[in-house]
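Me: I am new to this structure and would like to learn how its features are read. May we take them one by one?

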Amino acid sequence: MIAFELSINVLLFAGIIIAAIFAGFLFRSSQLAKHKRKVVELEKEMLDNHSEILELQKENSKLSQQIKEIQIPVIAMKKSREDKSADKQDTKAK
């Protein structure tokens with residue numbers, strides 16, 4: 001049987017473990033901060049897009065309301081049969 005004698009400094013081992021935990025914590029917190037910044041940026045972009053859509057919708061509704069309010073006379077180019085018969089009756093009645 002081969003026996004190896006291994007001597008480990010407990011304080012050094014504990015220091016390495018603590019340093020590894022601290023390095024992992026810093027790495028993960030930087031990743032989370034990066035993701036949070038990205039989420040905030042995307043949320044701001046969405047809010048800007050939604051506000052632009054609302055402004056366009058407001059403008060669209062204003063224009064629709066103006067079109068409804070405008071009275072444009074429409075002159076028929078062709079007379080339908082009903083209009084022709086009504087015109088004949090009007091001329092006969094006179």
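Predicted model: local features only at pLDDT ≥ 70, side-chain atom pairs only at ≥ 80, totals over all residues.

Me: Is Ser30 buried, partly exposed or exposed?

Reply: A residue counts as buried under 20% relative accessible area and as exposed over 50%, with partly exposed in between. Ser30 has a relative accessible area of 40%, so it is partly exposed.

Me: Which backbone atom does the side chain of Ser30 reach?

Reply: The side chain of Ser30 comes to 2.7 Å from the backbone oxygen of Phe27.

Me: What secondary structure does the protein chain have?

Reply: The protein chain has 2 helices and 0 strands. Of its 94 residues, 0% count as buried. Its accessible surface is about 10000 Å², and 64% of this belongs to carbon and sulfur atoms.

Me: How does the span of helix 1 agree with its number of residues?

Reply: Helix 1 covers residues 10–69, which is 60 residues; at 1.5 Å a residue it should span 88 Å. The C-alpha atoms at its ends are 88 Å apart, so the two values agree.

Me: What is found at the start of helix 1?

Reply: There, a side-chain oxygen of Asn9 lies within 3.2 Å of the backbone nitrogen of Leu11.

Me: How many salt bridges are there?

Reply: Side chains of opposite charge can pair when their charged atoms come close. In this model the count is 1 salt bridge. It joins the side chains of Asp48 and Lys44, at 3.6 Å from N to O.

Me: Where do Asp48 and Lys44 lie?

Reply: An α-helix has 3.6 residues a turn, so residues three or four places apart point the same way. Asp48 and Lys44 both lie in helix 1, 4 residues apart, about one turn of the helix. Asp48 is partly exposed at 40% relative accessible area, whereas Lys44 is exposed at 54%.

Me: Which residues form a nonpolar patch on the surface?

Reply: The patch consists of Leu6, Ile8, Phe13, Ile17 and Ile21, which together have about 570 Å² of accessible area. One of them, Ile21, is in helix 1. Ile21 has 58% relative accessibility and therefore counts as exposed.

Terms used
Residues numbered from 1 in each chain as written. Heavy atoms only, no water. Expected span 1.5 Å × (residues − 1). Polar contact = N/O pair within 3.5 Å; in protein donor to acceptor, adjacent residues only side chain to side chain. Buried < 20%, exposed > 50% of the residue type's maximum accessible area, 1.4 Å probe, protein only. Salt bridge = Lys/Arg side-chain N within 4 Å of Asp/Glu carboxyl O. Areas by Shrake-Rupley, 256 points an atom, 1.4 Å probe, with all protein chains shown as cover. Patch = residues over 30% accessible without salt bridge, like charges linked within 9 Å, V, L, I, M, F, W, Y side chains within 5 Å.
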